[in-house]
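Let's take a walk through this model together, starting with its pockets and ending at a single side chain.

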Amino acid sequence: NGQIVGDVAYSVAEHSLLVEQIFQRLTPKATPAQRLTALLHDAPEYVIGDMITPFKAAIGTPYKKIESLLQEAVHIRFGLPAELPIGIAQSIKRADRMAAYLEATELAGFSDTDAGKLFPKPRGTPKGIDLTPLSPEKATRSFLTMSASEA
């Protein structure tokens, strides 16, 4: 939830940029619209805030329904399909899991063993991605630049 080792927080914008970067590596033939979809995968958090996965799971179906409706609205706003093809949705989810693992082990101070207790390291998780936290201003600029270039 943005809490990392060091003096700065890690934003949803940075996480979204990382997911898009990993998605692009996993799906090199992805269209700009599909890349934008990956970038916007956590867009409902703009409205409801960034909640950690265990909290979302505890709320269950009501949370998932609200999140789904918000995601559909964002997709429609950006000219994307309200409902994603299964393969694209799965690739974005895989990239999201990889990003979460990298963030936990490279930013939040989890050891590989401790991270593995909470969620297994996804096979094929890329190496060599720069996860240096950005200032809020730079993260915002990077996110907006990426979203404009994919739109």
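The lining of the second largest pocket is made up of 15 nonpolar, five polar and three charged residues (Ala, Val, Leu, Ile, Met, Phe, Trp, Tyr, Cys and Pro count as nonpolar, Asp, Glu, Lys and Arg as charged, and the others, Gly among them, as polar). This is a predicted model, in which local features need pLDDT of at least 70 and side-chain atom pairs pLDDT 80 or more, while totals for chains, interfaces and linings use all residues. Residues are numbered from 1 along each chain as its sequence is written, and side-chain values use heavy atoms, without hydrogens and water.

Of the 23 residues lining the second largest pocket, Val12, Ala13, Leu40, Tyr46 and Phe143 lie nearest its centre. Helix H8 gives the largest share of this lining, six residues.

Now turn to the largest pocket, whose lining has 23 nonpolar, eleven polar and twelve charged residues. Its largest share, ten residues, comes from H6.

Finally, look at Thr37, which sits in helix H2 (residues 32–39); helices here are DSSP runs of H or I with at least four residues, numbered from the N terminus. Is Thr37 buried or exposed? Thr37 counts as buried because its relative accessibility is 3%, where buried means under 20% relative accessible area and exposed over 50%, with a 1.4 Å probe and protein chains only. A polar atom of the Thr37 side chain lies 2.8 Å from the backbone oxygen of Ala33. Beyond its neighbours within four places in sequence, Thr37 is in contact (heavy atoms within 4.5 Å) with His75, Leu80, Leu84 and Ile92.

Methods. Helix = DSSP H or I, 4+ residues; strand = E, 2+ residues; numbered from the N terminus. Polar contact = N/O pair within 3.5 Å; in protein donor to acceptor, adjacent residues only side chain to side chain. 1 Å grid on protein atoms, 1.4 Å probe; cavity = no way out; pocket = protein on both sides within 12 Å on 5 of 7 lines; lining within 4 Å.
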